[in-house]
Amino acid sequence: MSQAAQLGFQDAASPIMEELIHFHDHTLMAVFLISILVMYIITALMTTKLSNTNVIDAQEIEMVWTIMPAIILIVIALPSLRILYLMDEISNPGITVKTIGHQWYWSYEYSDFTDLNFDSYMIPSTDLHPGQFRLLEVDNRMITPIALSSRVIITAEDVLHSWAVPTLGVKTDAIPGRLNQTSFTIARPSVYYGQCSEICGANHSFMPIVVEALPLSCFTNWLHKPQSN
C-alpha cells in the first residue's frame, strides 16, 4: 500500500481493523483468481474452433461449476462470520462513552464519570491553525485510553447519523430513539479522524469525528482537568 498515492486502507489502529484488512486481502485474492479463470475460459472459447456442437450432457463440468463456487463461498464466509462475531462481542469494557448525533455536531457523555459531557463542533476553515485538517478538526475531541476496551453507545436526537472512524474499523448508525453500541481497543496513542457517514441533511459534511487516544496516565490527568461544554 502506498499512503503517498492514497492507495489502500489507512493504517490499522485497532485489532478489528487489522482483521478487516486481512479479510479484504483474502477476499481480493479469491476474486483475482476467479477473474483470471473466467478470462482464460472466455479467451479459450473465442480462440478454439468448435468441433462438436451437439453436446447434450457434460456431467463432469456441471459438477465442477456447482461444487467450486460453493467451496469458494465457504472460504470467504467463514472468516467473514468470525470477524462479525468479534465486532459484536463486547465484554467488560474499561470505559463507556455515549455519543449523540445532532444536526450537525456530536455530543459525548462519559457514563463512568459524573458530569463529564461536552459537545464537539467542527472548527471553521477560517479558525484553523497551521497543520490542522480542514473539515476534520473539532473544538472538543473524544478522549480515550489506549490498550483498554472502549464501549461507545450511539444514538441520535433528530435524524439518522452514522459514527464512523475508518482507522478503528468502526461504523455504527445513530438512530433516534434507539441505542446501538460498538467497541474498540486502540493500540497506539494518536489522533484518529472520521466523519458522519449517513446523509443527514444540508450540513452532513460538517460534523467530523476526532478520537484522541492517550496513555492511561495522560487520560487520568485529562479527567481531572475542568471540561468546557
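**Briefing on the predicted model**

Over residues 27-46 the chain is 100% helix and 0% strand, with the end C-alpha atoms 29 Å apart. This span is one of two that UniProt, in an unreviewed entry, annotates as "transmembrane region", the other being residues 66-85. The structure described here is a predicted model. The chain contains three helices and 10 strands.

**Annotated spans**

- Residues 66-85, the other span that the UniProt record lists as "transmembrane region", are likewise 100% helix and 0% strand, and their end C-alpha atoms lie 29 Å apart.
- The unreviewed UniProt entry also lists "domain: Cytochrome oxidase subunit II copper A binding" for residues 92-225.
- Residues 92-225 are 6% helix and 43% strand, and the end C-alpha atoms of this span are separated by 26 Å.

**The helix pair H1 and H2**

- Two packed helices are described by the angle between their axes and the distance between the axes.
- Helix H1 covers residues 15-47 and helix H2 covers residues 59-88; their axes come within 11 Å and cross at roughly 170°.
- Angles over 145 degrees count as roughly antiparallel, and H1 is therefore roughly antiparallel to H2.
- On the H1 side, the contact is made by Ile16, Glu19, Leu20, Phe23, His26, Thr27, Ala30 and Ile34.
- On the H2 side, the contributing residues are Ile72, Val75, Ile76, Pro79, Ser80, Arg82, Ile83, Leu86 and Met87.
- By class, the residues of this contact comprise 12 nonpolar, three polar and two charged.

**Overall fold and dimensions**

- In sequence order, the elements follow the pattern α-α-β-β-β-β-β-β-β-β-β-β-α.
- The C-alpha trace spans about 85 × 40 × 35 Å along its principal axes.
- The radius of gyration of the chain is 24 Å, whereas a compact globule of 229 residues would have a value near 17 Å.
- Of the 229 residues, 32% count as buried.
- Among contacts between residues at least 6 apart in sequence, 62% join residues at least 24 apart.

- Gly8 counts as exposed because its relative accessibility is 63%, and the exposed class begins over 50%.
- The C-alpha atom of Gly8 lies 21 Å from that of Met87, a residue 79 positions away along the chain; Met87 is also among the H2 residues that contact H1.

Methods. Residues are numbered from 1 along each chain as its sequence is written. This is a predicted model: local features need pLDDT of at least 70, side-chain atom pairs count only at pLDDT 80 or more; totals for chains, interfaces and linings use all residues. Side-chain values use heavy atoms; hydrogens and water are left out. UniProt positions are given in the numbering used here, feature names are shortened, and annotations may be inferred rather than shown by experiment. Helices (H or I, at least four residues) and strands (E, at least two) are DSSP runs, numbered from the N terminus. Axes are lines fitted to C-alpha atoms, for helices over the stretch in contact, and angles run from 0 to 180 degrees between N-to-C directions. Angles under 35 degrees count as roughly parallel, over 145 as roughly antiparallel, 65 to 115 as roughly perpendicular and the rest as oblique. Contact means heavy atoms within 4.5 Å. Ala, Val, Leu, Ile, Met, Phe, Trp, Tyr, Cys and Pro count as nonpolar, Asp, Glu, Lys and Arg as charged, and the others, Gly among them, as polar. The radius of gyration is taken over C-alpha atoms; the globule rule is 2.2 Å times the number of residues to the power 0.38. Buried means under 20% relative accessible area, exposed over 50%, partly exposed in between (1.4 Å probe, protein chains only).
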